[in-house]
Every structure is written in structure tokens, then in C-alpha cells.
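Visitor: I'm new here, and I'd like someone to walk me through this structure. Could you show it to me before I start asking?

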Amino acid sequence: MHAGGNRLGGGTAEGPARSGPLTERRLVRYLLIGLALAFLGFFLVVPLLLVFVKGFADGWKVYLEAVREPVALSAVRLTLLAAASAVPVNLLFGLAAAWAIAKFRFRGKNVLITLIDLPFAVSPVIAGMVFVLLFGAHGVLGPLLQAHDVKVIFALPGIVLATIFVTSPLIARELIPLMQAQGNDEEEAAVTLGASGWQTFRRISLPKIKWGLLYGIVLCNARAMGEFGAVSVVSGHIRGLTNTLPLHVEILYNEYQFTAAFAVASLLTLLALVTLLLKTVIEWRSAH
């Protein structure tokens, strides 16, 4: 019975049996870690380095000329403007949607959650086509817009709308599970003590979600600056006017201006690295 008890309890005469997730041999663990590092190196680190190597292949002078070109600077400005327009809108939408879903019970909550996830399920190219069908010259609202001399497609408003659509779930999806996990006890106590809705949000809810909110803003901004599919459809590819950085890189590459294409692409890569750094800092602060 004693020996059987040891077996059932996971122990032996030589010592306790190993338990937990790390039960593989060292060779297996090292092999798995090595495969993961090799995969990341081949598909992430090497392409990342190649962007800078190709961008500086012809020297600093050619690199700076490609980056300082008026068309490239216009693409940078348009990319930053689209992101600066999309992030505040999605910030307000994400806060409102997350607050409603996490703090209230109402009919249609599941429908709202499904609609929030819709941009994840729809291809960005299809989303761009929908905007063309709505606001294009031959679209549903096209004649009305033309009558009032309002241009949406192949102009800045269309690019901003497409960017807002594809990035709309990011902040909301970051905040909804966070608010649901935190519960409503503190908010209910504040309301019971006479706090208004705005006071409850500003002094109770917002401090609890600030790191999750910043994390969602960083992700939203990164996606907005790197969006290609939907923006490509609604932009019209007008050089110097409606081309964002990703579209400008595509045009340069298709014209066999490889050094200039990689030079401009390095700007997007630097933005991605800054975003990754901010993401890491926010995760570290949130954990502590």
C-alpha cells in the first residue's frame, strides 16, 4: 500500500516525479527553442536587416535623396495625417463601446460585439470597394456628393475613412476584456456615494485601464500607418497627393527603383520598431 501510495502521489523511492509544463528533456527543450529562434531569425530578423542593407546599398547620399524627395515627403505627411485622424476617432469609439459592453446589460450586445469584429473578418480590399460603391462617382451617394462638390474617393476623406474602418476594433478589443475582468464593484460604490457618471469614469475607470488604453492606441497607430489594402482601393494612386508610404513603396518597387523603395520602406520599419518599443514599455509598466 505504501509503494502504491507513492506511485499514486507521483513520487518514487528515488525522489518526487517531475510535474508541470517543463517535463521534457533538455535536448528537446533546446531543440524547440533553437527551432523557434531560427524561424524568427529567418522570417523576421533577416528581412528586417535586408531592408536597411538594401536602403543604404548606394550610400547615404542616395538614401537621403530618396527620403527627402517631395513625393516621399508628401507620402509621409499623408500617412501621419491619416493616422492622426483615425486614432482619436477610434479612441472615442473604443472607449464608448468597451464601456457599454463591459458595464451595462442591454439588448443587442452580442450584435454590437459582432459588428466591432467585422473589420477583422472583412478583407481590407473589400472594405475599400464598399467605400467606392458608396462614395464613388457612380456610387450610391456619388451624385449627391458631386452636386455639392464634395470629393471622398481618390481624396483625403476616403483614405481617412478606410483607415478608420480597418483600425476600428483595435482599441475596443483591447479594453473590453480588461474592463470585464475588473468588474463593476468600484464604479457601483462610487455611484452609491453620489459620484456622477463622468466623475466615476475619470477617477475610477480611467486610471484602471490607462495602460490597456495606451496599448490599444499604439496598436491602432501602427496599423493605421501600415495599412495598404483598403487605402490602395480608395486612393487612386495619385503620386504626391493620395499615396501613403506603403503605396509609395509599391510604386517605387514596380518602377524598379529598388534602392529608393527600400529607403522609404526603412521609414516604415523604423516606425514599426518604435511601436514595438512602446508596446514593450507599456507591457512592462502594466505588469508592474
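This is a predicted model: local features need pLDDT of at least 70, side-chain atom pairs count only at pLDDT 80 or more; totals for chains, interfaces and linings use all residues.

Visitor: What is the radius of gyration of the protein chain?
Guide: Let's start with the extents: the C-alpha trace spans about 90 × 60 × 30 Å along its principal axes. The radius is taken over C-alpha atoms, and the globule rule is 2.2 Å times the number of residues to the power 0.38. For a compact globule of 288 residues that would be near 19 Å, but the protein chain has 26 Å.

Visitor: What percentage of the residues count as buried?
Guide: Buried means under 20% relative accessible area, exposed means over 50%, and partly exposed is in between (1.4 Å probe, protein chains only). Of the 288 residues in the protein chain, the buried share is 33%.

Visitor: What share of the contacts comes from residues 24 or more positions apart?
Guide: A contact means heavy atoms within 4.5 Å. Taking contacts in the protein chain with a separation of 6 or more, residues 24 or more positions apart account for 70%.

Visitor: Is His248 buried or exposed?
Guide: His248 sits in helix α12, residues 245-254. Leaving out residues up to four places away in sequence, it touches Glu69, Val71, Ala72, Ala75, Asn243 and Val264. Its relative accessibility is 1%, so His248 counts as buried.

Visitor: How many salt bridges turn up in the whole structure?
Guide: A salt bridge is a side-chain nitrogen of Lys or Arg within 4 Å of a carboxyl oxygen of Asp or Glu. A search of the whole structure on that basis finds five.

Visitor: Which residues are linked in a network with Lys103?
Guide: Lys103 forms a salt bridge with Glu187, and their closest N and O atoms are 3.3 Å apart. That pair links distant parts of the chain, with Lys103 in helix α4 (residues 70-103) and Glu187 in helix α9 (residues 185-192), 84 residues apart. Both Lys103 and Glu187 are buried. The salt-bridge network linked with Lys103 includes Glu187 and Lys208.

Visitor: Which residue does Asp117 meet in a salt bridge?
Guide: The partner is in helix α8 (residues 156-182), while Asp117 is in helix α5 (residues 109-121), 56 residues apart. The N to O distance is 2.9 Å, and the partner is Arg173.

Visitor: Is Glu227 buried or exposed?
Guide: Glu227 forms a salt bridge with Arg223, with the closest N and O atoms 3.1 Å apart. Arg223 counts as partly exposed, at 30% relative accessibility. Glu227 has 4% relative accessibility, so it counts as buried.

Visitor: What is the phi of Asp149?
Guide: Most residues other than glycine have a negative phi. Asp149 lies in the loop between α7 (142-147) and α8, and it is exposed, with a relative accessible area of 71%. Although Asp149 is not a glycine, its phi is positive, at about 55°.

Visitor: Where is His237?
Guide: His237 isn't a glycine either, yet it has a positive phi of about 55°. It is partly exposed, with a relative accessible area of 32%. The place of His237 is in the loop between α11 (229-235) and α12.

Key. Residues are numbered from 1 along each chain as its sequence is written. Side-chain values use heavy atoms; hydrogens and water are left out. Helices (H or I, at least four residues) and strands (E, at least two) are DSSP runs, numbered from the N terminus.
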